Amino acid sequence: PPTIKGTRRKSLDVPFFILVMLLLSIGVIMVLSASFARAYYDPAGITGGNPAYYFVRQLVFAALGVAAMLFMSRLPMGFYKRFSIPLLIAALILLALVPVVGVKANGARRWIGIGSLTVQPSEIAKIAVILSFSYIICRNRGKMKSFKYGILPFAAILLVIVGLLILEPHFSASIIIIAIGAVMIFVGGAKLVWFVAAAILAGGGLAVLLTLFPYASTPIVTWRAPFSSTSDEGYQIVQSLYTIGSG
């Protein structure tokens, strides 16, 4: 329902906040566990032999992220409605610039360099999809069961974003954004039949992509048989299995 002017904002969702902090803490601890030895045995590198170098750096970014999260939670809903579409347009422009001026690494252009920093437009696109879809769903509430209002505008946005991501190429981000969009459309009230049709089309499209871009099938092949390339694509999975096996 629309926010009534002057009403008091609801308090923080404490259980959800605790869950986020728990996951964040586990992630930071895993960074310490994974980087301690490498940082310690690199006295001539950027760590200077400080075993907690990566941990402290990650902890600082985590603290900044929590502060930003709490700040953004206090902003009025009208702020997000006002900037949802401009953010989507900005994300599309940045995605369109990536194949032209993007930084190339490992055979893909996924980042835009800004001085000494790099920005990944696909991450901005994820937030833009969430905000813009929320805005459109609010505007079209009561009409979401029709194809014109419940599917067409969302499909058009996803088609443009995924098309730009394929040019990088960045298939994992494409899958994540499609999944986010599908969940939001479903929660928004679209008919289930449209999701069945979309799943069939997505399956066909995925088969075409895997045929045209063998690069996209590498993660799937590696996941199914990681020990076939223990020193290359399957290295991370194999090492994880060894770690779990040793307790």
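## Close-up views of a predicted model

**View 1. Isoleucine 112 and the residues around it.** Setting aside neighbours within four places in sequence, isoleucine 112 is in contact with Leu94, Leu97, Val98, Val103, Leu117, Thr118, Val119 and Pro121; contact here means heavy atoms within 4.5 Å. This is a predicted model, so local features need pLDDT of at least 70 and side-chain atom pairs count only at pLDDT 80 or more, while totals for chains, interfaces and linings use all residues. Residues are numbered from 1 along each chain as its sequence is written, and side-chain values use heavy atoms, with hydrogens and water left out. You'll find isoleucine 112 in strand S2, residues 108–114. Strands (E, at least two residues) and helices (H or I, at least four) are DSSP runs, numbered from the N terminus. Isoleucine 112 has a relative accessible area of 12%, so it is buried. Buried means under 20% relative accessible area, exposed means over 50%, and partly exposed is in between (1.4 Å probe, protein chains only).

View 2. Start with serine 122, which lies in helix H4, residues 121–139. Its relative accessibility is 0%, so serine 122 counts as buried. Apart from neighbours within four places in sequence, serine 122 touches Leu95, Leu165, His170, Ala173 and Ile177. Now look at serine 84, over in helix H3. Serine 84 counts as buried because its relative accessibility is 0%. With neighbours within four places in sequence left out, the contacts of serine 84 are Leu131, Ser132 and Tyr135.

View 3. Side chains of opposite charge can pair when their charged atoms come close. Here, glutamate 123 and lysine 126 meet through their side chains in a salt bridge, at 3.1 Å from N to O. The rule asks for a side-chain nitrogen of Lys or Arg within 4 Å of a carboxyl oxygen of Asp or Glu, and by it the count comes to one salt bridge. Glutamate 123 and lysine 126 are three residues apart in helix H4, so about one helical turn separates them. Glutamate 123 is partly exposed at 37% relative accessible area, whereas lysine 126 counts as buried at 16%.

View 4. The structure holds seven aromatic pairs. In one of them, the rings of phenylalanine 79 and phenylalanine 83 have centres 4.9 Å apart and planes at 50°, so this pair is tilted. For the terms: rings of Phe, Tyr and Trp (its six-membered ring) pair if their centres lie within 6.5 Å, and planes under 30 degrees apart count as stacked, over 60 as edge-to-face and the rest as tilted. Phenylalanine 79 and phenylalanine 83 are four residues apart in helix H3 (residues 77–101), so they are separated by about one helical turn. Ring pairs also bring in Tyr80, linking Phe79, Tyr80 and Phe83 into a cluster. Phenylalanine 79 is partly exposed at 29% relative accessible area, and phenylalanine 83 counts as partly exposed too, at 40%.

**View 5. Phenylalanine 227 and tyrosine 242.** These two rings have their centres 6.2 Å apart and their planes at 65°, so the pair is edge-to-face. Phenylalanine 227 lies in the loop between helix H9 (214–224) and helix H10 (235–245), and tyrosine 242 lies in helix H10, so the pair ties together parts that are 15 residues apart in sequence. Both count as partly exposed: phenylalanine 227 at 47% relative accessibility and tyrosine 242 at 49%.

**View 6. A charge over a ring.** The charged end of lysine 143 sits over the ring of tyrosine 149, 4.7 Å from its centre. For that label, NZ of Lys or CZ of Arg must be within 6 Å of the ring centre and within 35 degrees of the ring normal.

**View 7. A nonpolar patch on the surface.** Phe16, Leu19, Leu22, Leu23, Ile26 and Met30 make up this patch, with about 620 Å² of accessible area together. Accessible areas come from the Shrake-Rupley method with a 1.4 Å probe, and for residues only the protein chains shown count as cover. Patch members have over 30% relative accessible area and no salt bridge; like charges are joined within 9 Å, and nonpolar side chains (Val, Leu, Ile, Met, Phe, Trp, Tyr) within 5 Å. One of the members, methionine 30, is in helix H1, residues 14–40. Methionine 30 counts as exposed, at 53% relative accessibility.
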